[in-house]
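Hi there,

Here is the structure I promised to pass on. Please have a look at it first, and then read my notes below.

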Amino acid sequence: MKKLKILLTSLILIVLITGCKGLRNTDTTEGSNITTTKNIESTSQIITEPPIIEQTTEKKSQATQEITTETTTEITIEEITEPATEKVYGIQDNVIVKGMAQDILNNMSIEEKIGQLFIVNFEALDSSKGAIYEFKEINEKIIRSIHKYHVGGVVFFARNIETIDQTKNFVNTLQEYSKIPLFISVDEEGGKVSRIGNNTNMSTTAFESMESIGNTNDPQLAYNAGDIIGSEIKELGFNLNFAPIADVKSSNKAFIGERSFGSDPKVVSQMVPKFVEGLQKNGVSATLKHFIGLGIPEEDFHENSINISKTVAEYRKTDFLPFESGIKAQVDMIMVSHSFNIGITENKVPTSMSKLMLTDILRKELGFEGIIITDVMNIKPLTEVYTSKKASVEAIKAGVDILLMPQDLEDSYNALLDYVKEGKITEERINESVLRILEVKLKRGVIGEDTKLINNIESLNN
């Protein structure tokens, strides 16, 4: 009996020493309390079975149970405190990106190259339903148009987005029928312009206006908004977001309203790059809009022809600042407006068709090397003055890379094809834009590293 007591005492001391070590090593980082509670519950269920060595008192049994629980918690905390690995989208090495883009370009026909210059709505791919129709799934006409025009991407509106499963299926099917993976784009700014977020069926995060974020003077909130929006729309299959607004609001009467981060150029310049970073880390391209700045007009610039009376010197102190900060954050795209500035260009040529605005100012002065995309081209201020052919040709000649929603896809596509074949636009000029497009698609994972678009993909990787 005496030996048995000594044996029991020794065993209890061993358990106590082990438990104390566990207590000293227990992690106290945030979140450990929640995990500890869960593990206490699960451990208590395990140790309610009779112990192997009979305990002489109930108190000893309770002590052993508590110590065993603490030891289990220590192991669990060590497991959950390991740093999480963030998913990396696309190819990060610029040398590889440029090499692969060139190899893909070398395998493309001129028809495929021209097609990459277009991002269109579904009505352009199937015009049988009229100017506006609620396409929610692919059909034979859309498939035939994708194959015929080789479009670079499509844009979704609220009318095309019904449920999570419907949207994912629509996106996935579109990609299956396109030889070169598509930009799947949407306007998801946060606030009132949220094609996905304003649909309660989609279960995504609803944000207040970007102006409300700007009013906090906290760029981290802009980053968080971009990060959350990016991760949620990426899950649905989107890889291009026409956001954020980089316009500096001039007054409370400005049409851009609460979509802008605010009226202080410095604040807007702090918010814009953080939103871009949050968005693009999720494999979703960001788009600064609307160059050269639409913070002044009080009228709807989609319905009215806008002349902005501002000098280049004034732009450099205000409107250029957010675009410059976004460019430094390596934004993928900049959307150019159809407004004009007679004081700068000395004519009524829209920014989207002005070589001075796009090549001399945006490219050379501000140093932007990414994709220049137009605002939608089927709007009244353009269609009243230009044919679809003329508008598309002039925009490309001025330095645009992507034409968003031309008035007539067939006319615009054929016009550019004819201009190249006739030597009025060089194929080298088209190649410049296509390379920019392919590089972004590779960087964001739209085109995978194992793409079949390159014949010698194995030798390239070696």
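Phe135 has a relative accessible area of 2%, so this residue counts as buried, the cut-off being under 20%. Please keep in mind that the model is a predicted one. Tyr133, by contrast, is partly exposed, at 35% relative accessible area. The rings of these two residues pair up: the centres of Tyr133 and Phe135 are 4.8 Å apart, and because their planes stand at 70°, the pair is edge-to-face.

A stacked pair turns up as well, made by Tyr315 and Phe320, with 5.5 Å from centre to centre and 15° between the planes. Both Tyr315 and Phe320 are buried. In total, the structure has 10 aromatic pairs. There is also an aromatic cluster, and its members are Phe122, Phe156, Phe170 and Phe238.

Now for the helices. How do H11 and H13 pack? Helix H11 covers residues 265-280 and helix H13 covers residues 320-328; their axes lie 8 Å apart at an angle of about 25°. That angle is why H11 counts as roughly parallel to H13, as angles under 35 degrees do. The crossing of the two helices, H11 and H13, is right-handed.

On the H11 side, the contact is made by Pro265, Val268, Ser269, Val272 and Pro273, while H13 brings in Leu321, Pro322, Ser325 and Gly326. Sorted by class, the residues in this contact between H11 and H13 are six nonpolar and three polar, with no charged ones.

Definitions and conventions:
Residues numbered from 1 in each chain as written. Predicted model: local features only at pLDDT ≥ 70, side-chain atom pairs only at ≥ 80, totals over all residues. Heavy atoms only, no water. Axes fitted to C-alpha atoms, helices over the stretch in contact; angles between N-to-C directions. Helix = DSSP H or I, 4+ residues; strand = E, 2+ residues; numbered from the N terminus. Parallel < 35°, antiparallel > 145°, perpendicular 65-115°, else oblique. Left-handed = near helix turned anticlockwise from the far one by under 90°. Contact = heavy atoms within 4.5 Å. Nonpolar A, V, L, I, M, F, W, Y, C, P; charged D, E, K, R; others polar. Phe/Tyr/Trp six-rings, centres within 6.5 Å; stacked < 30°, edge-to-face > 60°. Buried < 20%, exposed > 50% of the residue type's maximum accessible area, 1.4 Å probe, protein only.
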